[in-house]
Each structure stands twice: as C-alpha cells, then as structure tokens.
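Trainee: Can we go through how the labels on this model get assigned? I'd like to see each one set against its cut-off.

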Amino acid sequence: ESLSEEEICERLLAKLKEFNPDTVIISIVEDNYKWADSLLHVVKTYNSSIPVIVGGPTPSAAPDVLIENPRIDFLVQGEGEGTVVELCDLLEHNSGAFESVRNLWYKVNGQVCNNPLRKFLDMDAVPVQNVELWDRRHFYKPYDGVLYWTGYFEMSRGCPYQCTYCVNHTIKRSLKPSGNYFRRKSPHAAIKEIKYHKDKYDLKRIVFCDDNFLLMSEQKFIQWSEEFKDAWMTEIDLPYWIATSVEFINPRTLQLLVDTGCDGIGLGVEAG
C-alpha cells in the first residue's frame, strides 16, 4: 500500500491494541534485522511483558548475538515447528520449565541460557502449511511480465555446499548435532501438500523454495524423477520455477523439467 515505515509502525500498534496478543513471533533474515528490531520496539513499547520469540536464518546462524537484544526474550535456533509449539504450551500455563525445550535460547535473571538441539524433522511429517490468515495479495507474484496467483513450496531443506558467500555453511555448522543438514521430501508428500493448496486457492503457478531442487545422485534422480513426473502431471500440471546449480543441468534433467512444465531456473554463480 506504499506505506511509510512510520505508518506501518502505527498500523502495528493499532493491531496490537485490537488483538492484544499473548506472544509475538517474528522471522529474521540479516537484511531485515534493523527493520524487525524497529517493529519489536513497537511491541515492547506497547507492552514490555509480551514474550517475543524470534527465529529464521539469522537467529540460527548467530544465536549468541541476537539473544543479547533486549527486545528478544526467546530465540529458536534451527527448525521451529516443534520448539514453538512446546514453548507456547509453557507460556500458556505460566510454566518456566524452558530448559525442557530443545533448540531454544532464553534469559533467566539476565543470564543467557541455551538448550541442546533436537534432531531434524522427518520432511514427510512436516504439517501442511496454513496460509488462511495471509493477506491474499501475498499470492500475487510477478514472473516474466505477468502476475500469477502463486504458491511457494519446498521439496527439500538445507544445502550441503560450503560456498563462502552463503550463510548456509554457517547454519549447517551451528546445527551439526541435529543431523544431516540436507533433507528431501518424497514426491508423494510434497505433491499432496501442493494439491491441497492448488484445489483450495486455485493456484496458477508454483515456486519451489529449495536451495537446490535437483541435488541428488544420477541413480537417485532416475527413481525420483519417475515418481515426481507421474504425480506432478496427474495431480498438479502447473508451470513452476526452481533453483539449482550448473552441475545438475544435463539432457536428462532438462527433459524432465520440460516435460513437467518448468519454465524458469535460477542458477547460482559459484565462481567468477
């Protein structure tokens, strides 16, 4: 709506007064940290006792830095699906047993505490996204000069590479006790979720958020591609976009992408 930062802060304050939340949760990447901090200032100015929980790439890469922010009460390092549920249960019942919640950083009498990490989720067990509360304008995404009603989904999480310009290797190192950083959903599980949203919201285009959509051995690709192609063409059959790296571009992978309606590939430039 072309609002200024001041107007957005005023709108947030009005929403806080209207909704009076029990907690505020915000995801932070490095580029939006200063702006996120401004929003948290609004929250704490409204009510300093509202618990603020942060998570996302930057808290996972540098939890010891962000937890020092006086406006942050709790920090989730790594995957947050289980951690946030357990933490909110404790907050709801006014329990201070935060030491039982893995992946959690918090403060006790000004002292920073951090708990052990939990194992990574089984990707096929990740719940279907609930986007019912989204502003519908989030679905409109431009591509190649056209606005599409678009859904964003993941087939995998993580990246095993060590590119020095990317934060992934830092997060991977910080989450080493959690297990294998790169994990993939089965095509069946991923497409089941996509079909649910396609049918419910009449999606016209799909974007895959994977760091590297095609990252797998040639032998694995042969099996995976057959399962993906059959399920995709039967249940979805929409244009889609992926990110990958050049070593996975070959006649076999390109043919799959053409056959299944991929119309865009983002490639990282890893040397120059």
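Mentor: We'll take cysteines, then cores, then a sheet. This is a predicted model, where local features need pLDDT of at least 70, side-chain atom pairs count only at pLDDT 80 or more, and totals for chains, interfaces and linings use all residues. Residues are numbered from 1 along each chain as its sequence is written, and side-chain values use heavy atoms, leaving out hydrogens and water.

Trainee: How do you know that Cys-159 is in no disulfide?

Mentor: A disulfide is a pair of cysteine sulfur atoms within 2.5 Å. The nearest cysteine sulfur to Cys-159, that of Cys-163, is 6.3 Å away. The count comes to 0 disulfides.

Trainee: Is Cys-159 buried or exposed, and why?

Mentor: Buried means under 20% relative accessible area, exposed over 50%, partly exposed in between (1.4 Å probe, protein chains only). Cys-159 has 11% relative accessibility, so it counts as buried. Cys-209 has 46%, so that one is partly exposed.

Trainee: What makes a nonpolar core, and which residues have the most contacts inside the largest one?

Mentor: It's a set of buried Ala, Val, Leu, Ile, Met, Phe, Trp, Tyr and Cys residues joined through side-chain atoms within 4.5 Å. The largest has 29 residues, with Ile-206, Phe-208, Phe-228, Trp-232 and Tyr-240 making the most contacts inside it. A second, separate core of 18 residues includes Val-52 and Val-54.

Trainee: Why are β1 and β5 called edge strands?

Mentor: Strands pair if DSSP finds at least two bridges between them. The order is β1-β2-β3-β4-β5 in an open sheet, and β1 and β5 each pair on one side only.

Terms used
Helix = DSSP H or I, 4+ residues; strand = E, 2+ residues; numbered from the N terminus.
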